[in-house]
Amino acid sequence: MHTAAGSQARLPIRSDMDLVWVRQHVRQAAAQLGFGLVDQTKLVTAASELARNTLVYGGGGTMETEPLVEGTTHGLRLTFSDDGPGIPDLEQALSDGFTSGDGLGMGLGGARRLVHEFGIESAPGSGTTVRVTSWVGRPPRPREES
């Protein structure tokens with residue numbers, strides 16, 4: 001796997017207007033890479049939830065986009081980073097149905113179901129970094145049993 005030429009970018013997440021720019025950028029980058037409309041919408045929805053979390057809980061941060069190529073398959077990796085208070089209980093935050101009530105109501109677990117790859121690093125006092133990757137034309141990730 002390697003980075004593809006194209007829509008690599010770093011966007012600030014400091015205001016509600018930045019959330020609009022994040023959604024627009026992700027949709028445009030996904031379209032350029034060949035994602036269909038349904039897959040674009042899934043990725044934009046996940047990005048919107050993660051960007052809002054970055055703003056609301058992390059006090060703001062950044063989103064980086066990285067177009068990827070693996071063989072003949074294109075993908076898009078999004079990395080959301082903040083220097084906020086961190087997440088004290090990652091297992092609870094990732095569980096289905098857990099939400100603080102301020103976002104789209106899908107929480108981290110919902111965002112995780114919308115992408116092929118999901119990784120999170122967080123600890124109290126050290127901020128949070130979430131990386132998600134989606135691939136053009138790959139079937140959705142299987143739902144994990146709880």
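Which residues does Ser 81 touch, not counting residues up to four places away in sequence? Ser 81 touches Thr 54, Gly 60, Gly 61, Thr 62, Thr 128 and Thr 129, where contact means heavy atoms within 4.5 Å. Ser 81 is found in strand β4, residues 73-82 (strands are DSSP runs of E, at least two residues, and helices runs of H or I, at least four, numbered from the N terminus).

This is a predicted model: local features need pLDDT of at least 70, side-chain atom pairs count only at pLDDT 80 or more, and totals for chains, interfaces and linings use all residues. Residues are numbered from 1 along each chain as its sequence is written, and side-chain values use heavy atoms, leaving out hydrogens and water.

Two distances can be listed.

| Pair | Distance |
|---|---|
| Ser 81 and Ala 51 | 9.1 Å, C-alpha to C-alpha |
| Arg 138 charged end and Trp 135 ring centre | 4.5 Å |

Ser 81 and Ala 51 are 30 residues apart in sequence. Ala 51 belongs to the α2 side of the contact with α1. The axes of α1 (residues 16-33) and α2 (residues 37-56) come within 9 Å and cross at roughly 150 degrees. The two helices are therefore roughly antiparallel (angles over 145 degrees). In α1, the contact residues include Leu 19, Val 22 and Val 26. By class, this contact has eleven nonpolar, three polar and four charged residues.

The charged end of Arg 138 sits over the ring of Trp 135 (CZ of Arg within 6 Å of the ring centre and within 35 degrees of the ring normal).

Definitions and conventions: Axes are lines fitted to C-alpha atoms, for helices over the stretch in contact, and angles run from 0 to 180 degrees between N-to-C directions. Angles under 35 degrees count as roughly parallel, over 145 as roughly antiparallel, 65 to 115 as roughly perpendicular and the rest as oblique. Ala, Val, Leu, Ile, Met, Phe, Trp, Tyr, Cys and Pro count as nonpolar, Asp, Glu, Lys and Arg as charged, and the others, Gly among them, as polar.
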